[in-house]
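Here is a note written for a reader who is new to structural work. Please keep the sequence and the model open beside the text while going through the points.

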Amino acid sequence: MTFAILGLVLRAAVVVTGAALLTFVLLWNAPGDPAMAIAQARYNFVVPTEVLEQVRAESGLDAGFWAAFKDWIGPLLVGDFGRSSVTGREVWPDLVTAIGYTVPLALMGLAIGLAIALPLAALAARNPGSVLDRVCVALASVGVAIPQYWLGLLLILLFAVHLGWLPAMGARSTANLVLPALTLGLGVAASLTRIIRSGILEARNQSFLPAIRRRGVSPSSIERDHVAPHAAIPVVTVLGLELAFLLEGVVVVEVIFGRPGLGGFLVTAIGARDFPKVQAVVLLTALLFVIINLLIDIFYQVLDPRIGEHDA
Amino acid sequence: MTLSVSDLRVERAGRIILHPTSLDIEPGARIGLVGSSGSGKSTLGHALIDDLQRQGRVVAQVPQSPDEALDPLRTMAFHWREAEKALGLNHDKQRRQQLFSALRIEHGDLRKRPWGWSRGMQQRFVIAMALIGSPELIVLDEPTSALDPVVAADTMDLLDKFLSGRRTAMILITHDLGLAARRVSQLMVMDAGNIVENALTTDLLERPKTQAARALAAHRSWLELPC
Ligand SMILES: Nc1ncnc2c1ncn2[C@@H]1O[C@H](COP(=O)(O)OP(=O)(O)OP(=O)(O)O)[C@@H](O)[C@H]1O
Ligand SMILES: [Mg+2]
């Protein structure tokens with residue numbers, strides 16, 4: 001057990017360090033002069049060479065790749081994310097504010113996705129191959145095919161412009177959360193529906209179900225006690241991946257709906273080559289992935305203890 | 001009371017895999033259902049159970065392998081409780097203890113899932129579960145083919161002992177005539193979806209009438225097998 005935990009922590013460390021190093025390399029080697037980008041973002045006009053050199057020195061860009069990397073990762077190891085190269089403000093508080101906008105949106109999107117997908121999948125799986133099933137699957141496919149930026153605009157047109165029920169832009173109230181969350185949710189609902197449906201159908205095909213039925217167990221009990229747990233296994237895997245997809249989608253959706261959050265935070269930071277900010281987001285995302293994966297691993301073992309058993 | 005079914009018929013993919021069959025089964029009967037692979041033994045077993053259950057009779061089934069009887073995600077305790085509930089019975093620890101000791105699995109840990117038990121123990125658990133409601137008939141579909149010969153013989157001995165003196169009838173499906181010959185008094189031979197011969201075990205083994213029965217009886221080596 002301790003061995004397993006050690007392995008997981010080691011894996012997490014490798015993933016996070018790898019992600020950090022890789023982004024640093026990419027940012028460092030991206031075309032254009034990073035000092036120029038930072039200076040332009042800072043002063044908003046073309047700067048003379050002396051100022052440029054000063055920015056270069058301040059941001060530690062003149063000391064070479066490894067020195068810059070060490071400058072950044074050293075303080076990080078004691079929990080200091082550093083200061084923005086552009087504003088000089090500390091990265092951490094701004095990051096926390098951005099997360100405060102993004103996480104509720106992502107979770108709400110996932111909740112909406114599940115709320116749509118579960119009943120749709122159950123309906124489709126009730127009678128596989130029927131017209132109802134085909135309609136449900138077709139609805140799901142449409143959801144996959146619609147790009148989020150288009151769906152977002154469509155929703156704005158309908159609910160904000162045409163009907164005037166909901167605000168289109170900003171993040172002033174909970175009402176502002178509805179349209180972006182719906183955009184995200186419809187996107188995930190599509191793939192979730194298909195996964196859950198096939199999970200249910202596969203679970204119903206198991207060899208031990210006829211014997212349980214002949215023991216006199218009612219169909220509804222069989223669905224609840226034997227089909228649902230088996231169907232949940234593939235769904236949990238996909239849910240983790242889905243959450244990853246959501247975080248990606250969040251960036252697009254936040255920009256469309258003019259919401260502050262990780263999306264805007266990242267886009268401006270990349271434009272300005274604000275190394276500490278970009279790195280902070282990358283690191284956080286990598287960490288999040290590792291944590292989600294870890295949770296899925298644990299949840300798996302709760303759902304299907306055979307998995308842990310075989311590893312041992 | 002005699003269990004009877006009439007004109008059981010099964011068609012799959014446009015092909016008749018069980019031709020119309022009628023059967024009467026007396027209480028306490030010991031019947032072997034033999035025949036080559038694909039002759040329709042399991043099909044008849046399932047049709048028989050489903051039809052009798054529709055008549056409201058209490059019949060139980062033991063599939064060939066515990067994998068076909070137990071959900072790997074559910075504990076043994078869950079399976080037991082579920083079987084009791086399905087029969088409308090309250091939880092009765094004493095009944096469970098009695099069945100467990102009859103099949104010698106009293107030391108099995110009920111909190112474990114099926115794969116935490118050996119296959120031989122799983123199969124005995126499934127047999128014990130089939131006996132919960134004191135069924136009028138228990139249909140065992142090659143119950144020991146997944147077990148090693150010694151465990152298989154033990155399991156059948158325990159079941160025999162438990163059933164002796166009870167009114168529960170038994171149908172033992174097998175393609176192993178050796179197993180059948182020792183455990184049953186009546187043999188039914190199946191061929192291509194038909195019962196082609198139905199006779200006392202000794203008669204059938206001595207004087208097989210049909211080609212199918214002769215082919216099965218010709219493998220005399222069954223006499224030396226441990227079960
Ligand atoms: N679902 C099905 N669809 C089509 N054909 C089937 C189906 N189930 C069984 N059959 C066919 O019915 C015939 C009888 O099958 P059954 O399983 O009853 O044979 P069996 O005597 O039990 O054989 P075995 O000794 O191998 O278990 C076989 O030819 C099989 O291919
Ligand atoms: Mg069979």
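The numbered points below go from the basis of the model to its domains, its chains and its ligand.

1. Basis of the values. This is a predicted model, in which local features need pLDDT of at least 70 and side-chain atom pairs count only at pLDDT 80 or more, while totals for chains, interfaces and linings use all residues. Residues are numbered from 1 along each chain as its sequence is written, chains are lettered from A and ligands numbered from 1 in the order in which they are written, and side-chain values use heavy atoms, with hydrogens and water left out.

2. The make-up of chain A. Chain A has 13 helices and zero strands, where helices (H or I, at least four residues) and strands (E, at least two) are DSSP runs numbered from the N terminus. The C-alpha atoms of chain A, taken along the principal axes, fill a box of roughly 85 × 60 × 30 Å.

3. Two domains in chain A. The domain assignment divides chain A into domain 1 (2-76) and domain 2 (96-307), the bounds coming from an automatic or database domain assignment. The C-alpha centres of domain 1 and domain 2 of chain A are 33 Å apart, and their contact (heavy atoms within 4.5 Å) takes 22 residues from domain 1 of chain A and 14 residues from domain 2 of chain A.

4. The area between the domains. About 1600 Å² is buried between domain 1 and domain 2 of chain A, with carbon and sulfur atoms giving 77% of it; buried area is the accessible area (1.4 Å probe) that two parts lose on being put together, summed over both. A:V16, A:L27 and A:W72 supply 35% of the area that domain 1 of chain A buries against domain 2 of chain A, more than any other three residues.

5. How many salt bridges are counted between domain 1 and domain 2 of chain A? The count is zero, a salt bridge being a side-chain nitrogen of Lys or Arg within 4 Å of a carboxyl oxygen of Asp or Glu. Two residue pairs (both at pLDDT 80 or more) are in polar contact across this interface of domain 1 and domain 2 of chain A; a polar contact is a pair of N or O atoms within 3.5 Å, and within protein one must be able to donate a hydrogen and the other to accept it, while residues adjacent in sequence count only if both atoms are side-chain atoms. On the side of domain 1 of chain A that touches domain 2 of chain A, α1 (2-29), α2 (34-43) and α4 (65-77) of chain A each supply at least two residues, and the largest share, eleven residues, comes from α1(A). The residues of that side of domain 1 of chain A divide into 18 nonpolar, two polar and two charged, with Ala, Val, Leu, Ile, Met, Phe, Trp, Tyr, Cys and Pro counted as nonpolar, Asp, Glu, Lys and Arg as charged, and the others, Gly among them, as polar.

6. Chain A against chain B. This contact takes 20 residues from chain A and 22 residues from chain B, and the two chains bury about 1800 Å² between them, 56% of it on carbon and sulfur atoms. Two salt bridges are found across the interface of chain A and chain B, and seven residue pairs (both at pLDDT 80 or more) are in polar contact there. On the side of chain A that touches chain B, α10(A) gives the most, with six residues, and the residues of that side divide into eight nonpolar, four polar and eight charged.

7. One salt bridge in detail. A:R214 forms a salt bridge with B:D50, and the closest N and O atoms are 2.9 Å apart. A:R214 lies in helix α9 of chain A and B:D50 in helix α1 (residues 41-54) of chain B, so the pair joins two chains.

8. Ligand 1. Among the 13 residues around ligand 1, B:S37, B:G38, B:K41, B:S42 and B:T43 come nearest, a residue being near if one of its heavy atoms lies within 4 Å. A polar side-chain atom of B:K41 lies 2.8 Å from an oxygen atom of ligand 1, and one of B:R15 lies 3.2 Å from an oxygen atom of ligand 1.
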